Amino acid sequence: MLSATGQHQRLTVIPAARARRVLALLLCSTSAAGAQHVHGDTTTSLRPTAAWGAYAIGVVTSVRPGIGGRDLMEGYLTQPTLMAHAALPSGWLRVDGMFSLEGLTLERGELGTGMFGEGYVDRRHPHTYLHELIATAEGAYGAVRASLSAGKGFAPFGTDDPMSRPFVKYPTNHHYAQILERALVAMALRRSGFGFEAGIFNGDEPIAPSDGPELSRLGDSWAARVSAFPFEGAELQVSHARVESPELETGGGLDQRKWSASARFDRLRGGTRRYALVEWARTEDLEHGVRAFRFGSALAEAAHSAAAWTAGVRLERTTRPEEERSANPFRSQRPHHDFNILGITRFTIATATVGRPVVLRRGSVLHSFIEVARVSAEQVVDASAFVPRDFYGSHRIWNLTAGVRVQAGRVHT
């Protein structure tokens, strides 16, 4: 046992042999990635192109206090991911795949105060093994570019996948600001700095890493997004979604109406990346069309990356439903046996990160980092049956995460 500030601190790690096997699989899969051609390489425009990539993050996370006044410390391999890209000549048809191995390394979830979703509380759930597999056909019709996509992935709603952003820890609003891992059909149009996207998908969320979309529900939910690109690197978006019974696979649960608006700047020049995002998101739970609950989030983050160092800050203010937990205090009942909640907690989280990347052979990158987050948890309703101070041992909590990201080949950015 380790101790800190007079409290017992437990260190939990995934089995070392399993972590080594997963990491070896990721690295071996990209051993020839440096010899692959990526999209946009005009020297091979007459031939099909393909590329592979992989990354994983080894982390240790400390939370003080974690639960009941006790400090917690855990170590694991998070976000172990394989990526694949392929395109026909001229890029009119492409396929993008993302395969997550978190079901092997994050069965208990990734520790993070405020996180929730898919039956996990104060932990981020592992993603499904087939995280994304999308085929896209696109072309130009005069001044308009159009595309049609089908497969499994992100609905056209909200902001970017947090995996592509500068922080390792996901924001609490992950399930408010994105709709992921759905079977979908979507179309997109873009002309003169404006874009429009719309798609249909299945409403049900996955409940386990091996779970797949309920295809019989394909089309019961929809989302649409309008975007503007006023200058290089800038994007404004507003989106809306109607999601039917996300927490009950068979339907009949609470439905969701979701809104999102954001402004983003992301520009890479001369090896320096400047990034900023401001977003607002709101989700309403409805029973037979009548609003039962409303949850909201506001987030701002910025980062600066150069050859030697990266640094970023994030401020988030998000409300979370408090559901009855199982014997495991980090899990809630799925599916819910009723539509009640114990209360609503508002999390105000300030996060800072700093890291240093090192380029290895064949373009692989080793990126060490430290993230520190100060979490404030407050009940929104005085009559709430869930009192954050009593549950955690304080309404002010510190999260410290340190680790190394290993990246090889071509990955989503």
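Author: Start at the hairpin of E15 and E16, which has 2 residues between the strands. His 288 takes a positive phi there, near 55°. Keep in mind that this is a predicted model.

Reader: How many bridges join strand E15 to E16, and do they run parallel or antiparallel?

Author: There are 15 bridges, and the strands run antiparallel. E15 covers residues 272-287. Asp 285 has Phe 293 in E16 as its bridge partner.

Reader: And on to E17: how many residues are in the hairpin from E16?

Author: That hairpin goes through 4 residues. E16 and E17 (residues 310-322) pair over 9 bridges, in the antiparallel sense. His 304 stands opposite Ala 311 in E17.

Reader: OK, rings now. How many aromatic pairs turn up in the whole structure?

Author: The search finds 7. Take Tyr 176 and Phe 295: their ring centres are 6.2 Å apart and the planes are at 10°, so the pair is stacked.

Reader: Where do those two sit in the chain?

Author: In distant parts of it. Tyr 176 is in helix H3 (residues 174-177), while Phe 295 is in strand E16 (residues 290-305). They are 119 residues apart.

Reader: Are Tyr 176 and Phe 295 buried or exposed?

Author: Both are buried. Ring pairs also link Tyr 176 and Phe 295 with Phe 116 and Phe 293 into a cluster.

Reader: What about Phe 386 and Tyr 392, stacked or edge-to-face?

Author: Edge-to-face. The centres are 6.4 Å apart, with 80° between the planes. Both residues are buried.

Reader: Which charged end sits over the ring of Phe 167?

Author: That of Arg 314, 4.6 Å from the ring centre. Elsewhere, Arg 123 lies over the face of Phe 330, at 4.2 Å from the ring centre.

Reader: Last topic, packing. Which residues touch the most other members in the largest nonpolar core?

Author: Val 59, Leu 111, Phe 347 and Tyr 392, out of 19 residues. So Tyr 392 belongs to this core as well as to the pair with Phe 386.

Reader: Which elements give two or more residues to this core?

Author: Four strands do: E3 (49-67), E4 (70-87), E18 (343-359) and E19 (365-379). There is also a second, separate core of 10 residues. Among them are Phe 157, Ile 179, Leu 184 and Ala 186.

Key: Residues numbered from 1 in each chain as written. Predicted model: local features only at pLDDT ≥ 70, side-chain atom pairs only at ≥ 80, totals over all residues. Heavy atoms only, no water. Phe/Tyr/Trp six-rings, centres within 6.5 Å; stacked < 30°, edge-to-face > 60°. Buried < 20%, exposed > 50% of the residue type's maximum accessible area, 1.4 Å probe, protein only. Lys NZ or Arg CZ within 6 Å of the ring centre and 35° of its normal. Core = buried A, V, L, I, M, F, W, Y, C linked by side-chain atoms within 4.5 Å. Pairing = 2+ DSSP bridges.
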